[in-house]
Amino acid sequence: MPQVATVGSNASKIDYSIGGTVYPVPQDVKGSKVVYQNADGMRVDDGRYQNFKSDLKNELAIPEERIITDAVKTYAYGTDASFYRLLPQMVVKIHSEEEVKKILPYAKKHQTPVTFRAAGTSLSGQAVSDSVLLKLSHVGKNFRDYTVHEDGRKITLEPGLILGEVNRILQAHKKKGGHAVQYKMGPDPSSIDSCMVGGVVANNSSGMCCGVKQNTYHTLEDMRIVFVDGTVLDTADPASRESFLRTHQDLCAKVSNLAKKVQADADLTALIKKKFAIKCTTGYSINALVDNDANDPIEIIKRLMIGSEGTLGFVSRATYNTVVDHPHKASCFIMFKDVDDACKAAAVLRRETTVDAVEIFDKASLRQCEKHEKIMSLVPTIPEAGKYGAALLIECRGPTDAELDQNIKAVTTSLDNANLNFLHPREETYPFSKDPAVYGTYWDVRKGLIPMVGGGREAGTSVLIEDVACEVDSLAPMTKDLMAMFEKHGYDDASCMGHALEGNLHLVFSQGFRTEKEVETYAAMMQEMCEIVAVKYKGSLKAEHGTGRNVAPFVEMEWGTKAYEIMWELKEMFDPDYVLNPGVILNRDPDVHQKFLKPKPVADPIVDMCMECGFCESNCPSRDVSLTPRQRITVYREISRLQAMENRSTEDQARLDEFLDIFSYAGDSTCAADGMCEVKCPVGINTGTLVKSIRARELEQAKNVSSVAASLGRNFASFTGVVPPFLNMVSGFHSILGDGVLKTVSGGLNKISGNLIPEWNPHMPRGAPKLPEPNHAKEKHPGVERKVVYLPSCVTRMMGPSKADANLEGVADAMMSILSKADYEVVYPKGLSDQCCGMLFNSRGFKDTALTKAAQMEEALLEASENGKYPIVVDTSPCLAEIKGSLQNPALRFSLYEPAEFIANHLLDKLEFNKVKKHVAIHVPCSSKKLGVEQTFTKLAEKCAEEVTGSGIPCCGMAGDRGMRYPELTGGSLKYLDLPKGCTDGYSTSRTCEMSLTNHSDISFKGLVYLVDEATTAKKKASA
Ligand SMILES: Cc1cc2nc3c(=O)[nH]c(=O)nc-3n(C[C@H](O)[C@H](O)[C@H](O)COP(=O)(O)OP(=O)(O)OC[C@H]3O[C@@H](n4cnc5c(N)ncnc54)[C@H](O)[C@@H]3O)c2cc1C
Ligand code: SF4
Ligand code: SF4
């Protein structure tokens, strides 16, 4: 029998004190009284984890720094996007299939179960563990290989690639090869820009257009699997298949026999087919047992792995058949009088047309739409929806415009013939639009619905997303029953929306786990929901999010005992010792769904709305080095919980001290405060803002440091004056002493000074040359006056090119040269040598000095630009962003430009461009990305070079000089830099970022203005 123990029904006894996690029974998980059992909450270190760790280090040579056991990081990794938390005994960062192959038999030997972790965006509690987490994400270039086959119709992927990234790889492949058809991945979850291939396969994720036909189950061709005994099966390799059949005869025979048994059972076969005709990720993919020849166990195993949530094996490679991405699209947003009509419409469209996507919005979702200005201007009738009013967002696609028109026609004809009650006449009020700005708005709103509910909830609660499905013909009554259920249990904010075409609803609501009453209300609602969906409508309790722990107790309710026991049988065949993610998908504890709940203590308004979805993680430069934004918030929440305790026990005080101590480096010092997390955050959280506020609070307590900063701010000109000669002196030492001495000495000083003194690298700049005299226009031009305010940032005023680029002049010289070719009159702001945007101070938490410098700068810019009459170009993107962020006077709002934007907007018609380079790399600084300049930057570079490759790095981690003081930050971020051979030069618009990019690549990065200067000449006047 399974070793998963039945813990019993104890939901009423809740202990909030165990490691910041709501444990259902007051069990002494920290002490020695608990006996190890292979069940959630009962996995304690009775010596086995120490032994496992020692084998990892000594037998498998896994370096100590990849084995994480400290209280803070294990707590941080205990978080995924679900509302469960388990505290792992250990997190191991894995680097290769080979390591997994070796680790699994040791996990089996020590009976220390493992859970694989990709991006941790799972919602059902399948990516957490209180045993060992094997983390394949954020481990540099590991698990990120891929091969695109032919014209892109097939692609082989490692599990650490982000799904959206794969689609971009396919786009680049089409562009480069000039192929006719654009392919994309079939699965399209809304977490596409964060979730990873390993998770997508293991959860059998789907999405808005994917339906049941384009999910991994139906589009996967081959897979490489590591089994619990360390055997690797590559289903694409005949030798590997043959060998597996030989070495695993018993397993293969059991699989075949089970398939024969199921196929011989007509009722069970019919049930399986019926259930998988709609979206279903409850339990295992037992359709594999009926869809394949029972005598072909390898094919069956391959499909069984899909959706098995890491409980049957590790997926180390997957080959997908991609799907066609039609270029012609159109969408419409139709309001219905009643949700019944909307659901009926979805059923009609499914039956009669080949429509691509149909999404439903109930009244609660429509209420969220009312907050969105753009959609309100497109569909002003939204507020008119009654209590049961609803809307459908419908999308049609086609390979050509004519075929798109045909598809639209089919859809509108079906709708018009179906006797539906539209809120207003359909054709005039709710037309299809092919305008990307219009349909883009509809889809943006749809994608933002969950975050909108999440962002509006009460602090201290979680946003929960249930995910159910039924046959589309039953969608209307099921939706109404679920709405009544929410009303009965007092969930006023609950919304029912989702993929109507597939009968798939997402139920989004906020839920607190602060009191026993709240937990009881949740449990009662869940029980009723499962009965409505699984029993009354014979639907799926998890359509696409995976069973996890959330509906594990209800798998039998949904599938019936026969199918359920087959699932247990499968688990025992592949993993008889329950080493692989036990407790997930199948769990004998009937209350597991209401245990190990994650409290969300109120911490700081900046981050209280965090849903812990993890979307921000892949953008964070410190993700491989210390903590991710989600983890910073998680840890900070726990710190806040501990700090808020009135009477802390000695143990809690020790825990708080440890958390504060580790957070100081992992949370604070290694945060670049660049805010790249905000770019990906669905609720717009900038964790850097939290960190900056923590820094400011700390500095308040260290008044003398603040006064030094204020004094530096007042005497900024003296500071900027001494830096260039100092840099020249260091560069001189470099020439005499070589790399080694400077590196060793500065590395030592960096350590001794507690990371205050920057670590030197060979690409450190020389001092910047003196600023050039400002241009005067040579002639008068008709039209807009050619006059610009040029602000060379303090960085470019201090830092020149590196020793390797000795032939180059300063950034300001290149900029002035371009402006001169365009015949611009140039003005420098007054008192330039004393000017600073304030970033230098703000990023360190010196808020007051930052504000003073920013105000001083704004005044000078207002004067120089005559209140915004003339454009202002700032040669360093992060400084421009800082100025824009602190602007008080709206007059300058539209006058400020970073270099790429200014050149693209003002100079293109005044300069002649030549492609002077064959292949260059560009790195758009994070600040420019946030300002939306990425495309402009790329297009400009493409005018100067035949081929342009983006760095693919969200943020290099330099953050002023932080990357020099904590070189591991840039090192961690730039591990991902993967520039193709043949790339000769790199360009950016931030001198410090350029320096660190050069340090971590084989090419020299410098200012984009150098490239533009080299590639341009003054435009010749058209001859009369
Ligand atoms: C706001 C939000 C919206 C979402 N929208 C959707 C949606 O529209 N559709 C949808 O289907 N899902 C959605 N999800 C759920 C989730 O994003 C997907 O299931 C996603 O595919 C999980 O991928 P991951 O990389 O985060 O995997 P993880 O969460 O890290 O892991 C998922 C499971 O796979 C296992 N695993 C990971 N790697 C491997 C491997 N190499 N081998 C074997 N097992 C492995 C893990 O142990 C775990 O059980 C959403 C989530 C959020 C937070
Ligand atoms: S900060 Fe935003 S993106 Fe990151 S986990 Fe929280 S809600 Fe998700
Ligand atoms: S501000 Fe930057 S470094 Fe800090 S958490 Fe956000 S992305 Fe990471």
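Ligand 3 sits in the second largest cavity of this predicted model. A cavity here is a set of points on a 1 Å grid over the protein atoms alone where a 1.4 Å probe fits but cannot get out, and a molecule sits in one if more than half of its atoms lie within 2 Å of its grid points. Helix H22 (629-644), helix H24 (676-680) and helix H25 (687-701) are the elements that give two or more residues to the shell around ligand 3; helices are DSSP runs (H or I, at least four residues), numbered from the N terminus. In total, 13 residues surround ligand 3, and the closest are Cys620, Cys671, Ala672, Asp674 and Cys677, where being near takes a heavy atom within 4 Å. By class, this shell around ligand 3 holds eight nonpolar, three polar and two charged residues. The classes are Ala, Val, Leu, Ile, Met, Phe, Trp, Tyr, Cys and Pro as nonpolar, Asp, Glu, Lys and Arg as charged, and the others, Gly among them, as polar.

Residues are numbered from 1 along each chain as its sequence is written, chains are lettered from A and ligands numbered from 1 in the order in which they are written. Because the model is predicted, local features need pLDDT of at least 70 and side-chain atom pairs count only at pLDDT 80 or more, while totals for chains, interfaces and linings use all residues; side-chain values use heavy atoms, with hydrogens and water left out.

Now turn to ligand 2, which sits in the largest cavity. Around ligand 2 there are 13 residues, the closest being Cys610, Cys613, Gly614, Cys616 and Cys681. The shell of ligand 2 divides into 10 nonpolar, one polar and two charged residues.

Next, the aromatic rings. The whole structure contains 24 aromatic pairs, meaning rings of Phe, Tyr and Trp (its six-membered ring) with centres within 6.5 Å; planes under 30 degrees apart count as stacked, over 60 as edge-to-face and the rest as tilted. Phenylalanine 513 and tyrosine 522 form an edge-to-face pair, 5.7 Å centre to centre with 85° between the planes. Both phenylalanine 513 and tyrosine 522 are buried, that is, under 20% relative accessible area with a 1.4 Å probe and protein chains only, against over 50% for exposed and partly exposed in between. Ring pairs also link Phe83, Tyr84, Phe513 and Tyr522 into a cluster.

How are the rings of tyrosine 564 and tryptophan 568 arranged? Their centres lie 6.2 Å apart and their planes are at 80°, so this pair is edge-to-face. Tyrosine 564 and tryptophan 568 are separated by about one helical turn, because they are four residues apart in helix H21 (residues 561-574). Tyrosine 564 is buried at a relative accessible area of 5%, and tryptophan 568 counts as buried at 3%.

Finally, some backbone detail. Asparagine 581, in the loop between H21 and H22, has a positive phi near 45° and is buried at 1% relative accessible area. Alanine 673, in the loop between helix H23 (650-669) and H24, has a phi near 55°.

Notes:
1 Å grid on protein atoms, 1.4 Å probe; cavity = no way out; pocket = protein on both sides within 12 Å on 5 of 7 lines; lining within 4 Å.
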